[in-house]
Amino acid sequence: MSARTTQVDDLRLVAQPSAVPCTELFVRLLLTDWSLLPMVEQITATTARLVGDVVDQSRAAAPAFVTVRLQLRGDVLVVEVEDDLPDPRPPRPAPGERMGVEPHRGGRTTWCEVPLPGGLSAGQVRLPRRQDRRTLVDEPVSGDPVAADPEVLERLLNRLSGWSG
């Protein structure tokens, strides 16, 4: 068994109620991409619970940031939820979960390890083939950054806030 990390993907969000459905979508898309469909429900529930805890403890006036990270390592999938809460309550592990918390300057990282299905190792997980892609947005010749369309962002945020219940 190798403890080498084979694949890592992460998503950084503001700890608002919309972070939970964004996290669920991220996990579902990623595990589908990684061909780990048998783990979708369990990992989605775990990450949603951990991100929900951060959202619940975050102040609406000055919300925390939360980073969700999934890693394939050895014979496990590792879920990490990093936050910058000043004085967080400890997470609630579900029965049978192998979970821990690592404090760091300005916050903590909560991790949970879940065995890969069928005795797979991280090196055996079928990962997608990705090619270099150019952005679909025309890049300015001047080198100035491309600005996002405020109307599109507003529609997106309104839609996401509607998912938070």
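Student: Which strands form a hairpin with two residues between them, and what phi does Gly74 have in the turn?
Tutor: The hairpin is made by β2 and β3, and Gly74 in its turn has a positive phi of about 60 degrees. Strands here are DSSP runs of E with at least two residues, helices are runs of H or I with at least four, and both are numbered from the N terminus.

Student: What kind of model is this, and how are residues numbered?
Tutor: The model is predicted: local features need pLDDT of at least 70, side-chain atom pairs count only at pLDDT 80 or more, and totals for chains, interfaces and linings use all residues. Residues are numbered from 1 along each chain as its sequence is written, and side-chain values use heavy atoms, with hydrogens and water left out.

Student: In which sense do β2 and β3 pair, and over how many bridges?
Tutor: Strand β2 (residues 65-73) pairs with β3 in the antiparallel sense over eight bridges; two strands pair if DSSP finds at least two bridges between them. Within this pairing, Gln71 has Val78 in β3 as its bridge partner.

Student: And which residue in β5 stands opposite Leu77?
Tutor: That residue is Val114. Strand β5 (residues 107-115) pairs with β3 over eight bridges, in the antiparallel sense.

Student: How many residues of β3 are buried?
Tutor: Seven of the eight residues in β3 (residues 76-83) are buried. Buried means under 20% relative accessible area, exposed over 50%, and partly exposed in between, with a 1.4 Å probe and protein chains only. For the protein, 38% of the 165 residues count as buried.

Student: Changing topic: what span does helix α1 reach?
Tutor: Helix α1 (residues 19-33) has 15 residues and reaches 21 Å from its first C-alpha to its last, close to the 21 Å expected. The expected span is 1.5 Å times one less than the number of residues. Among the buried residues of α1 are Phe26, Val27, Leu30 and Leu31.

Student: What follows α1?
Tutor: Ser35 follows α1, with a positive phi near 60 degrees.

Student: Which residues touch the most other members of the largest nonpolar core?
Tutor: They are Leu31, Trp34, Leu36, Ile43, Leu70 and Leu77, in a core of 35 residues. Two or more residues come from each of α1, α2 (40-57), β2, β3 and β5. A nonpolar core is a set of buried Ala, Val, Leu, Ile, Met, Phe, Trp, Tyr and Cys residues joined through side-chain atoms within 4.5 Å.

Student: In what order do the elements run?
Tutor: From the N terminus on, the order is β-α-α-β-β-β-β-α, with three helices and five strands.
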